[in-house]
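Please look over the sequence and the structure before reading on.

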Amino acid sequence: MSIKNNTRSTLIYTIAAWTVSSMIFFPILWTLITSFKTESEAISATPTLFAFEWTLINYSDVLSRSPYFTHFWNSVVISLGSSLLGLLIAVPAAWSMAFVQSKKTKNLLMWMLSTKMLPPVGVLIPIYLLFRDFGLLDTKLGLVIVMTLINLPIMIWMLYTYFREIPGEILEASRMDGATIGEEIFHVLLPIALPGIASTLLLNVILAWNEAFWTLILTAANAAPLTAFIASYSSPEGLFYAKLSAASAMAIVPILILGWFSQKQLVRGLSFGAVK
């Protein structure tokens, strides 16, 4: 009887998981399908899923109109640059909070996480003025700094949960052998926590890649990433749904591929320590 109940529960959970996953993935699937339609078919009152004349004209138009690879390179530089810079700050910060705790450590962690609740528009004017005065508008360096600051609390929290799982005795043994703090972090801690660092890096790359608010506000042409590339197909003349879908597909496919191959690391990084 219990075996039948377990089988039934597994079947129900599987169906529910596939249903939710399909609902989440359907907008992406629809975007991909629409990118192969003509503009008239894309805005048709009776949309079709597969029964239409497939065409690559939208991709051809997008590539001829916009410097896609320039935007792609900007996205790569901004997402990777902010992730690496964030790690340089987050690793020692998470180490100090995990292994040199004080009474205010938890309060500090909660305060950092609370900054993610602040609407970005609340700090738009001061950041814009600072970027203007320091000559960082429409520069990749400026966006790297902003993305680092935005995602730093999440990086510190994720690394903190990983570091807390590492026995402190291992680090104490390295100190007894004469290791300095830098040697302890880079030669002992980092190799042990490499899976956690990799998942943190991957998640930050995805978050930075998908950030649209700051990239649209702080860039114009020189440092515009793929989010600005997509937004360029929403103009006063109207929405070109087929071309917009093609531009969106070209922007999301690289990060989808990265997420597909790194899904195990991402799931582990997001759920690590959640059952404590």
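## The buried face of helix 5

Which are the buried residues of helix 5 (residues 105-114)? In this predicted model, the residues of helix 5 that count as buried, with under 20% relative accessible area, are T105, L109 and M112. Because the three cover an arc of only 65° around the axis, they are placed on the same side of helix 5.

The other side of helix 5 carries K106, N107 and W111, which are exposed. As for the covering of the buried residues of helix 5, helix 4 and helix 7 (140-164) are included in it.

## The enclosed space

Rolling a probe the size of a water molecule over the atoms shows where empty space is left. In this model the count comes to one cavity of 30 Å³ or more, and the volume of the largest cavity is about 50 Å³.

The lining of the largest cavity is formed by S75, I78, S79, A208, W209, E211, T215, P225, L226 and T227. Two or more residues of this lining come from each of helix 4 (68-99), helix 10 (194-210) and helix 12 (226-231), and helix 4 gives the most, with three residues. Sorted by class, the residues lining the largest cavity are five nonpolar, four polar and one charged.

Conventions:
Residues numbered from 1 in each chain as written. Predicted model: local features only at pLDDT ≥ 70, side-chain atom pairs only at ≥ 80, totals over all residues. Heavy atoms only, no water. 1 Å grid on protein atoms, 1.4 Å probe; cavity = no way out; pocket = protein on both sides within 12 Å on 5 of 7 lines; lining within 4 Å. Points joined across faces, edges and corners; volume = space filled by probe spheres on them. Helix = DSSP H or I, 4+ residues; strand = E, 2+ residues; numbered from the N terminus. Nonpolar A, V, L, I, M, F, W, Y, C, P; charged D, E, K, R; others polar. Buried < 20%, exposed > 50% of the residue type's maximum accessible area, 1.4 Å probe, protein only. Arc of directions from axis to C-beta. Contact = heavy atoms within 4.5 Å.
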